[in-house]
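Grab your viewer and work through these exercises. Each one sets a task and then walks through a solution.

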Amino acid sequence: MKIVVCVKQVPGTTEVSIDPETKRLIREGVSIEMNPFDTYALEQGILLREKHGGEVIVLSMGPKRAELTIREAIACGADRGILLNGRPLGGSDTYATSYILSQAIIKIGNVDLVICGKQAVDGDTAQVGPGIAAHLNWPQVTYVSRFVESGSSELKLERMHESGSDISIVKLPAVLTVLKDVNIPRIPTLKGRLSSRKSEITIWDETDLKTDPNKIGLGGSPTRVVSTRKPDARDKHTIILNGSASDSARELMKILKTRIEL
Amino acid sequence: MKLTESDIADNYNDVWVLGEIVEGQVHKVTLELLGIAKELADKHTSKKCKVVCLLMGSKLVGYELELFHKFADRVIIVDDESLKYFNDAIYASVVSRLIKKYKPEILISGATSKGRSLMPLVAVKIETGLTADCTGLDIDKETGLLLQTRPAYGGNIIATIKCENHRPQMSTVRQGVFKSMEADKTRTGELISETVLEEEKNTRFTVLSEEAYSEDSKINLHDANVIVTGGRGVKNPEGFKIIHELAGAVKGAVGATRATIDSGWISYAHQVGQTGLTVQPEVYIACGVSGQIQHLVGMQSSDFIIAINKDPDAPIMQLADVAIVGDLFEVVPVITKLLSNY
Ligand SMILES: Cc1cc2nc3c(=O)[nH]c(=O)nc-3n(C[C@H](O)[C@H](O)[C@H](O)COP(=O)(O)OP(=O)(O)OC[C@H]3O[C@@H](n4cnc5c(N)ncnc54)[C@H](O)[C@@H]3O)c2cc1C
Ligand SMILES: Nc1ncnc2c1ncn2[C@@H]1O[C@H](COP(=O)(O)O)[C@@H](O)[C@H]1O
């Protein structure tokens, strides 16, 4: 089975802030990590390879330093990594990003399965996985919570939604997005870490990918961010109760009575 | 595909809501979206936008009336056995074909697992933009463009996004973000029926069976008037006992922060916040919750917020209407007791 796992490098989100002058994100000095949801996608790729043979290729689009994240994935057991990096690729929205990733999957060739995380914690859209499926015109299975049966040409999967779950069969090639219920990701071994340092990471840019210049980057993105701001603070008067537990509870009862039927 | 200004001006109209049915009822988020769709249609003064609800599934009888009452001008129903289960491939083909036929200006869907699976497929097929999890939708007075506001970076940043040259302008919105409008029972509308084409049914994906969660594993945070939420301050799984007891006493539901879910103290279905549910109860009682932005974005529109925390400087205390400074293990049981004796 030839498996591509899409992995994104994301900032440690809580630290992100906006420069008050330029209104841009301050990225300097912000810690970076593999998108937590992608660790489950990676583990699933490795598990499937252990069962069916083949290879796991980690695919990431991002700045040069995303190489670190790819190496981390190799340390966990991925076979090789490809980084999509080039100025014109920057500024892509989910439409353009999924187009670029799909072009790389076509270039890799003979891919049986693409696995994505449920969502990236920075953009938080959960749109890139389905976008890849649509660009490739492959079937997708989103919110996968369990691998019921895996054959080399089709998979039987459990999908979760808000009010229940379902069981489905998908014929490969296909795109999956997985939930954290699917597995428990392994931790890189020391040996894995050492060998990952030496791994050659393939780097492709827009010319390698032969992408349509009208479909990539800021210019190829249908959506545009027009402004960003900090969330509003809720400006209000707070009643503070800092007496004994029973005084506070009694005081609260009086207030609650005016709000809801007790 | 980029469209020309005149193409957009002349040919694209109407605000569409992708409707959803759960367990034989119109999903609450669909009704909420019809309300905001009506508002957007009214604000879009340069066009005569109708509010259209697209409903897909199998055996869809009798839903249109409720949709008309909730301000749909037109309901398009696609009723076919092949839509019984959620096969995103078939759904996406049908929606895309109908978009090409009717050319809506705006298309909104609930940010449910189905909406979040289907909308990005459709957006790419139609070659347009899509903004996920919007918390605000408005029409720009000057340009008539849809202004889509959403949190990003775990709620640390609020971004406003637009889609200028592609149509429809597409967004998903979570349940609880907009309030549903009072029904107008005198309203009627136009009912259109569309079909699934044979070639659209031929997919490489098949749903075999579906199972609904059992009643008691459903935690209906969306329907609760009162939510009592436990944070890391409850200390361990047993700590949730007093949270459950208080929730029982106020006939409310139990919420939780991600920190407690990550620690395995309670299931994900309880999580409120950026990566959990967005809720808007009449009263929200946060116990041992610090109030990080990712939690706040999921509950800050609650009508009345009560926080119980040892730390008077915890961010949740600034947001709260009533801030009780104290140990939740002392305060919460007393409140529960007073309520039970009430
Ligand atoms: C991308 C991203 C998405 C996220 N999504 C979510 C989300 O959807 N929902 C969510 O909740 N979080 C989310 N988080 C996590 C969030 O940043 C916080 O870590 C989390 O909300 C903190 O949970 P907490 O308040 O329970 O814990 P803490 O921050 O540890 O706070 C515990 C509080 O309890 C108080 N306390 C302790 N003991 C007592 C006592 N005996 N009596 C009274 N008070 C006590 C403490 O003073 C403290 O204020 C997300 C984070 C990221 C990065
Ligand atoms: N730049 C990227 N490079 C590789 N994979 C990505 C990238 N962006 C998103 N993905 C994949 O798509 C999933 C969903 O991301 P998003 O749509 O941004 O929430 C992630 O979990 C990744 O698997």
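In which loop is the place of Pro168(B)? Pro168(B) sits in the loop between E10 and strand E11 (169–173) of chain B, where strands (E, at least two residues) and helices (H or I, at least four) are DSSP runs numbered from the N terminus.

Before going on, a few ground rules: this is a predicted model, so local features need pLDDT of at least 70 and side-chain atom pairs count only at pLDDT 80 or more, while totals for chains, interfaces and linings use all residues. Residues are numbered from 1 along each chain as its sequence is written, chains are lettered from A and ligands numbered from 1 in the order in which they are written, and side-chain values use heavy atoms, with hydrogens and water left out.

**Exercise 1. Describe the interface of chain B and chain A.**

Step 1: count contacts (heavy atoms within 4.5 Å); chain B puts in 78 residues and chain A 81.
Step 2: get the buried area, meaning the accessible area (1.4 Å probe) that two parts lose on being put together, summed over both. The two chains bury about 6700 Å², with 58% of that on carbon and sulfur atoms. In chain B, the residues losing the most area to chain A are Tyr153(B), Arg204(B) and Tyr213(B), together 12% of what that side buries.
Step 3: look for salt bridges (a side-chain nitrogen of Lys or Arg within 4 Å of a carboxyl oxygen of Asp or Glu). The rule finds two across this interface. Asp88(B) pairs up with Arg159(A) in a salt bridge, closest N and O atoms 3.6 Å apart.
Step 4: see where chain B's side comes from; strand E13 (residues 205–212) of chain B gives the largest share, eight residues.
Step 5: check strand pairing, which takes at least two DSSP bridges. Strand E14 (residues 223–229) of chain A runs antiparallel to strand E10 (residues 157–163) of chain B over six bridges, and Arg229(A) has Ile158(B) as its bridge partner.

**Exercise 2. Take chain B apart into domains.**

Step 1: read off the bounds, which come from an automatic or database domain assignment: domain 1 (5–201) and domain 2 (215–340).
Step 2: get the separation; the domain centres, taken over C-alpha atoms, are 33 Å apart.
Step 3: Gly154(B), Arg174(B) and Gln175(B) supply 42% of domain 1's part, more than any other three residues.
Step 4: finish with charges. Two salt bridges cross between the domains. Elsewhere on the salt-bridge list for chain B, Lys28(B) meets Asp223(B) at 2.3 Å, N to O.
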